[in-house]
Amino acid sequence: MTELDDQRRPEPPLSADETVTLLGFLDYQRATLEWKCSGLDAAGLRVTVGASTMTLGGLLKHLAFAEDWWFSRGLHGHAPAPPWNTVDWAGDNDWDWNSAADDTPEQLLSLWRDAVARSRSLTAEALAQGGLDHLARRPQPDGGAPGLRWILCHVITEYARHNGHADLLRESVDGLTGV
């Protein structure tokens, strides 16, 4: 049974195999982002801090993109799905960040939650096909293909980095703090 902390985040297991441990830490990081963005209206999701243009809404959309990029495109080689398939990335390399201001909180949370659900399913599929050593179908620019283990570690660090940003942004909205 998974233990939940005071913010209803699943605690990563203290003693488990490598796969369960990695997935536990990724789910904890995902739940942290959801907690930091929960209960906010559109204005709250658009708040910035200092000179940065980063917002909680932008974080949701960016991490939805990261989920799809690494698990759908990278790991399984799928073509970009909506909304990513219609983006002019050359015209706006930060489209995921910049366009979030045009979305409602419900749209942003739905986009992110759907991406997480797809990633979980695609991760389970890759684990069944080759475990943590399953190689991505889409190679990196240098021609190398990361394994699922590397992708999981990379996405965990992506969330952990951005959850630090989310902490500052949420505190500036309503004073909510916590790790």
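Biologist: What is the volume of the largest pocket?

Modeller: Please keep in mind that this is a predicted model. Rolling a probe the size of a water molecule over the atoms shows where empty space is left. Here, the largest pocket has a volume of about 230 Å³. It is lined by 12 residues, and those closest to its centre are Thr2, Glu3, Glu11, Pro12 and Pro13.

Biologist: How many nonpolar, polar and charged residues are in the lining of the largest pocket?

Modeller: The lining has 7 nonpolar residues, 2 polar residues and 3 charged residues.

Biologist: Let us turn to the nonpolar side chains. How many residues does the largest nonpolar core have?

Modeller: In soluble globular proteins, nonpolar side chains tend to be buried together. In this model, the largest nonpolar core has 38 residues. Those with the most contacts inside this core are Leu33, Leu56, Leu59, Leu60, Phe71, Trp112 and Tyr159.

Biologist: Which helices each supply at least two residues of this core?

Modeller: They are helix 1 (18-37), helix 3, helix 5 (105-130) and helix 6 (148-174). Helix 3 gives the most, with 10 residues.

Biologist: Where do Phe65 and Trp69 lie?

Modeller: Both lie in helix 3 (residues 56-76). They are 4 residues apart, which is about one turn of the helix. Phe65 is buried, because its relative accessible area is 18% and the buried class covers values under 20%. Trp69, with a relative accessible area of 28%, is partly exposed.

Biologist: What is the angle between the planes of Trp84 and Trp95?

Modeller: The planes of Trp84 and Trp95 are at 90°, and the pair is edge-to-face, with 6.0 Å from centre to centre. Trp84 lies in the loop between helix 3 and helix 4 (95-98), whereas Trp95 lies in helix 4, so the pair ties together parts that are 11 residues apart in sequence.

Biologist: Is Trp84 buried or exposed?

Modeller: Trp84 counts as buried, at 5% relative accessibility.

Biologist: Which residues do the ring pairs link into a cluster?

Modeller: The cluster consists of Phe65, Trp69, Trp84, Trp89 and Trp95.

Biologist: Let us now consider the backbone. Which peptide bond is cis?

Modeller: The peptide bond from Pro82 to Pro83 is cis, with omega near 0°. Pro83 is found in the loop between helix 3 and helix 4.

Biologist: What is the phi of Arg8?

Modeller: Arg8 has a positive phi of about 70°, although this residue is not a glycine. Arg8 lies in the segment before helix 1 and is exposed, with a relative accessible area of 63%.

Biologist: Finally, I wish to compare separation along the chain with separation in space. How many residues apart in sequence are Arg120 and Asp27?

Modeller: Arg120 and Asp27 are 93 residues apart in sequence, and their C-alpha atoms are 9.6 Å apart in space. Arg120 lies in helix 5 and counts as partly exposed, at 42% relative accessibility.

Biologist: What separates the C-alpha atoms of Asp94 and Gly58?

Modeller: They are separated by 9.6 Å, while the two residues are 36 residues apart along the chain. Asp94 lies in the loop between helix 3 and helix 4 and is partly exposed, with a relative accessible area of 40%.

Biologist: How many residues apart along the chain are Ala64 and Thr177?

Modeller: Ala64 and Thr177 are 113 residues apart along the chain, with their C-alpha atoms separated by 23 Å. Ala64 is in helix 3 and counts as buried, at 0% relative accessibility.

Notes:
Residues are numbered from 1 along each chain as its sequence is written. This is a predicted model: local features need pLDDT of at least 70, side-chain atom pairs count only at pLDDT 80 or more; totals for chains, interfaces and linings use all residues. Side-chain values use heavy atoms; hydrogens and water are left out. On a 1 Å grid over the protein atoms alone, a cavity is a set of points where a 1.4 Å probe fits but cannot get out, and a pocket is an open set with protein on both sides within 12 Å along at least five of seven lines; lining residues have an atom within 4 Å of a point. Grid points are joined across faces, edges and corners, and a volume is the space filled by probe spheres set on the points. Ala, Val, Leu, Ile, Met, Phe, Trp, Tyr, Cys and Pro count as nonpolar, Asp, Glu, Lys and Arg as charged, and the others, Gly among them, as polar. Buried means under 20% relative accessible area, exposed over 50%, partly exposed in between (1.4 Å probe, protein chains only). Rings of Phe, Tyr and Trp (its six-membered ring) pair if their centres lie within 6.5 Å; planes under 30 degrees apart count as stacked, over 60 as edge-to-face and the rest as tilted. A nonpolar core is a set of buried Ala, Val, Leu, Ile, Met, Phe, Trp, Tyr and Cys residues joined through side-chain atoms within 4.5 Å.
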